[in-house]
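Here is a short report on one protein chain. Read it alongside the structure.

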Amino acid sequence: MATKKTDDAFSLSSFDPAKFADSFREFAEKGATQSKEAYAKMKTAAEEATKAVEATLENAQTGTVELGLKAIDALRTNAENSLSHMESLLGVKSLSELVELQTAFIRKQAELAVEQAKTMQDATKKVAENVAKPGKDAAEKAMSNLKKA
């Protein structure tokens, strides 16, 4: 009976160091390439996140200044109206004139307060949108990049 001789898979005679070295080199090069690509992606993402944070802070600062100026303007208007009203009260000749002036002042101040509140609300909404925009844009870009991958 003839037996076919097969090499033992674990024998040293089947081990080829050149193939092992080539395989290891290929594995190492592939790992290095993947690491470089991952690093480049992380670096780009970090730079984009930094830009988004900087833009957010800049928009927040600009918005805070804008809101502060609107509040100062409202205070100035209210103070001028109050002083003007006090001057008018000094010239009152009768109780009915006093009541009429006071009623007109209160009505005017109420209308002005509503107008100022609407102005502040609109400005606050605009500031909030501007502050959120860089983060929103960055998130949308990240999501689109994830969908591509």
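This is a predicted model: local features need pLDDT of at least 70, side-chain atom pairs count only at pLDDT 80 or more; totals for chains, interfaces and linings use all residues.

F20, F24 and F27 together make a nonpolar patch on the surface. F24 counts as exposed because its relative accessibility is 54%, and the cut-off for exposed is over 50%.

**Overall build**

The chain holds two helices and zero strands. Helix α1 covers residues 17–90. Helix α2 covers residues 95–148. The chain has 149 residues, and buried residues make up 9% of them. The accessible surface of the chain is about 12600 Å². Carbon and sulfur atoms account for 62% of that surface. Take the contacts in the chain with a separation of 6 or more: 73% of them join residues 24 or more positions apart.

**A buried histidine**

Is H85 buried or exposed? H85 is buried, because its relative accessible area is 9% and the limit for buried is under 20%. H85 belongs to helix α1. Which residues does H85 contact, leaving aside neighbours within four places in sequence? They are L101, Q102 and F105.

**Salt bridges**

Side chains of opposite charge can pair when their charged atoms come close. How many salt bridges does the count give? The count comes to four. Among them are the three in this table.

| Salt bridge | N to O distance | Relative accessible area |
|---|---|---|
| E48 and K141 | 2.9 Å | E48 29%, K141 41% |
| K118 and D122 | 3.3 Å | K118 51%, D122 41% |
| D137 and K133 | 2.8 Å | D137 35%, K133 47% |

Start with E48 and K141, whose side chains meet in a salt bridge. E48 lies in helix α1 and K141 in helix α2, so this pair ties together parts that are 93 residues apart in sequence. E48 is partly exposed at 29%. K141 is also partly exposed, at 41%.

Next come K118 and D122, which form a salt bridge with their closest N and O atoms 3.3 Å apart. K118 and D122 are four residues apart in helix α2, so about one helical turn separates them. K118 counts as exposed because its relative accessibility is 51%, and exposed begins over 50%. D122 counts as partly exposed at 41%.

D137 and K133 also meet in a salt bridge, at 2.8 Å from N to O. Both residues lie in helix α2, four residues apart, about one turn of the helix. D137 is partly exposed, with a relative accessible area of 35%. K133 is partly exposed as well, at 47%.

**The largest pocket**

How much space lies in the largest pocket? The volume is about 310 Å³. Eleven residues line this pocket. The closest to its centre are K41, A45, E48, A142 and N145. Helices α1 and α2 each supply at least two residues of the lining.

Notes. Residues are numbered from 1 along each chain as its sequence is written. Side-chain values use heavy atoms; hydrogens and water are left out. Buried means under 20% relative accessible area, exposed over 50%, partly exposed in between (1.4 Å probe, protein chains only). Contact means heavy atoms within 4.5 Å. Patches are made of residues with over 30% relative accessible area and no salt bridge: like charges are joined within 9 Å, nonpolar side chains (Val, Leu, Ile, Met, Phe, Trp, Tyr) within 5 Å. Accessible areas come from the Shrake-Rupley method with a 1.4 Å probe; for residues, only the protein chains shown count as cover. On a 1 Å grid over the protein atoms alone, a cavity is a set of points where a 1.4 Å probe fits but cannot get out, and a pocket is an open set with protein on both sides within 12 Å along at least five of seven lines; lining residues have an atom within 4 Å of a point. Grid points are joined across faces, edges and corners, and a volume is the space filled by probe spheres set on the points.
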